Amino acid sequence: MIGSAPAIPKIHPVFATQPTLPSVADESEIDVTYKDGAFSIDAAILQSVQGQHQQSFPSSPGEHQAPLQQPPAHGWTVRALYDFDGQPEFSELSFSAGDVLTVVKVGLAEGWSLAEKDGVKGLVPEAYITYIHDFSASPGDISGHAHQSSTTSAYSGYSSTTIQGGNNTNPRNSVFGKRQLNRFSWFVTTGVEEFLLTGGASTVSVHGPNTGTKGSLLGPRQPPQISSELSNQHDSTTYDQFERSPPNSGSSIRQQRGGQISGDKISEDSDEDEEVTESDKHYIQSGPSWQEKAPLFQVRVHDPETRRKMVGMQEYTLFQVTSTFTQGVSVTVERRYSQFEWLYERLLNKFGALILPPLPEKQYTGRFSEEFIERRRRALERFLNRLVRHPVIRYSDLLTHFLSCSEDSDWKRAERKFDGDRIVGTSFFQHVYHPEFNVNEDGDIDIVERFDAHCKGSEKLMPFLSDATTAYKEGISDSQFRYRRLGLALLNLISTTKDGLENQTLNDDLAWCWRENCSDCLRLTKALQTTAETMQYMADVHQTHIAEGCLPWQETIKEHANPSSTYAPLVDMHTGTHKKLVEVFEKEQTMEEIDSETVKSRCDTVFNITLAEMDRAHDERVQDFQKSTKDFLDSQIAYHEKMLAHLKQARAVFDQPYYDNLSNSPRFRSKYERDLEDARYQTQKPSRPVSAASVASVSNMVGGVVDGVGFMNGLLKTKTRTSAGRSIMGFWS
């Protein structure tokens with residue numbers, strides 16, 4: 001059973017009163033008999049109901065719907081998705097998830113069909129069943145079932161124009177009518193399936209109201225023209241490769257006649273396409289890989305500031321976001337975390353087929369602590385720079401607005417504009433342009449399989465590297481603590497001046513001595529102070545190494561820790577499209593040529609997009625590990641060089657003649673003495689060793705539970721006394 005069962009349709013065929021069903025007053029045509037307290041609906045009522053239901057009822061003035069296709073005499077085979085406990089008094093058929101039923105009539109009322117199970121007929125909700133076979137009758141096949149398929153029983157009405165021209169008149173048997181059973185797969189949720197089946201026509205129009213009539217999804221559409229507006233930026237031959245595909249098929253390799261190529265910028269012939277801006281057109285070059293339309297730039301998130309509003313009742317953190325471009329121009333704006341959320345949600349809505357970096361998660365407690373704010377600042381900076389690195393996101397209007405808008409009024413006005421953006425979701429595929437024959441006919445499925453296997457294998461191994469990196473960072477942090485504690489302990493020895501004669505460890509010259517004017521102890525004290533301060537310098541070196549070496553390396557490992565999960569949408573989109581392409585090849589002989597070419601063209605567009613994203617993933621992985629590993633090694637070198645330099649400097653103090661000259665000047669207190677009272681670095685008392693007597697006393701107090709300890713104690717004593725040479729056990733004697 002898949003998820004929870006859907007709601008049962010409210011309109012029941014027995015009591016339906018909607019216009020599509022026969023009037024209750026027309027009793028002569030409705031044969032309803034009462035049997036054992038239940039309604040029985042025989043063939044007369046079903047034929048009467050279905051006969052009127054198949055009439056065309058206008059959904060809007062001047063528009064009619066095509067009648068539903070009815071099953072053949074032997075019916076259509078379906079499988080139950082959920083358990084359904086039918087009510088016999090309403091002639092409903094009960095069944096369990098997984099049962100095989102035979103649908104004999106569809107569309108009795110909104111969401112109901114007539115089915116048969118084990119010789120018993122009854123009403124079934126359409127949302128509870130799914131088709132398990134094709135329904136075209138092949139020659140010599142009495143049952144009418146062709147090969148198995150994985151389509152759902154959506155029973156959604158497909159317009160006749162969608163499936164026109166095919167030999168098979170059943171939309172559910174058409175390539176355009178089959179939908180994946182798993183409605184939560186990336187192939188479905190990213191809009192790929194909708195694009196392949198309808199070209200995005202079933203979604204909201206991306207070019208505004210259609211001034212023409214509702215034509216076929218496969219009807220003619222003009223290819224793009226290329227103007228010369230950007231001829232000074234790109235080679236004019238670059239875009240000669242990109243051509244429009246058949247209508248609503250995206251920008252696949254199938255060429256159409258009449259296209260004009262005269263420059264660099266692609267524009268649409270029809271008035272509908274004039275609203276599409278250059279930022280909504282995306283180009284894929286050979287590889288396939290995304291073509292760079294804007295130069296790379298860097299983004300810094302810095303100077304976080306906690307502010308209050310509503311008389312201090314509400315707090316929030318404001319970040320400065322500075323974008324630095326190649327020409328040296330920089331733009332700085334202020335952004336709250338909620339604005340980062342706004343950007344991320346709209347990017348997901350517009351570019352659902354692309355792999356976007358995750359937004360740092362919200363935190364409701366401790367979000368104003370310095371440690372958390374710094375951690376969030378780093379994460380937001382990495383998030384923005386990852387967006388900027390994407391060749392498509394980089395020039396999007398959404399990101400440009402986020403990085404440049406500085407006025408609240410402009411921000412609110414732009415919010416309304418982006419909320420009304422119609423080139424989102426499935427429409428994204430319609431505006432991707434790529435060269436002809438950029439991908440093999442099979443969609444380079446072997447490359448995708450190797451990519452998937454590599455990601456799954458890497459994901460199994462990455463935890464070892466992640467754990468080792470974390471352990472190393474924790475080791476450096478522990479070492480930092482120990483150096484600081486050692487230095488403070490040494491400094492405490494030569495700096496204590498507490499009240500009481502027993503606490504006076506320094507003379508009047510602040511030398512660690514009970515004698516006054518002791519030059520030897522003054523020299524020693526100053527040299528020891530230098531050593532103690534060196535320990536603090538070395539602790540600072542550890543802290544710098546953690547921030548500049550360990551953390552960036554750890555963040556890179558974390559970003560690439562789950563490649564299989566991260567890129568699962570790409571694999572699912574590609575493999576789902578490949579299955580649809582295989583289906584087209586299998587049924588190509590029964591499809592109109594334009595139907596076949598359209599689906600192939602749309603599949604080719606999806607293949608180019610997914611492979612371009614995989615290419616980007618490959619390049620970013622190489623760049624990230626190359627840079628982060630190099631930076632980590634540079635940080636390691638600097639870390640050890642600084643440590644060695646500090647150690648050499650501290651050691652040189654004890655050499656002549658520098659050591660003898662230490663007594664020529666007075667001693668000054670160290671600036672680190674302020675940390676001596678820090679409880680974190682206070683020496684803890686050693687734990688008291690447990691003796692046999694104490695164990696025995698505890699045993700007497702607790703009773704029988706601990707008597708075993710006393711028994712073992714006596715046993716070990718006996719064994720120790722009788723075993724010569726085992727002196728290690730002698731303390732028990």
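**Close-up views of a predicted model**

**View 1. Trp112 and its partner in the sheet.** Trp112 has Pro125, in β6, as its bridge partner. The model is predicted, so local features need pLDDT of at least 70 and side-chain atom pairs count only at pLDDT 80 or more, while totals for chains, interfaces and linings use all residues. Residues are numbered from 1 along each chain as its sequence is written, and side-chain values use heavy atoms, leaving out hydrogens and water. Strand β5 (residues 112-117) pairs with β6 in the antiparallel sense over 6 bridges; two strands pair if DSSP finds at least two bridges between them. Strands (E, at least two residues) and helices (H or I, at least four) are DSSP runs, numbered from the N terminus.

**View 2. The open sheet.** The order of its 5 strands is β6-β5-β4-β3-β7, with antiparallel pairing. Because β6 (120-125) and β7 (129-131) stand at the edges with a single partner strand each, one side of each is left without a neighbour in the sheet.

**View 3. Ile129 in strand β7**. Ile129 is buried (under 20% relative accessible area; exposed is over 50%, partly exposed in between; 1.4 Å probe, protein chains only), with a value of 0%. Its C-alpha atom is separated by 8.6 Å from that of Leu101, 28 residues apart along the chain.

**View 4. Arginine charges over rings.** A charge sits over a ring if NZ of Lys or CZ of Arg is within 6 Å of the ring centre and within 35 degrees of the ring normal. The charged end of Arg335 is 5.3 Å from the ring centre of Phe402, and Arg336 lies over the face of Tyr316 at 4.0 Å.
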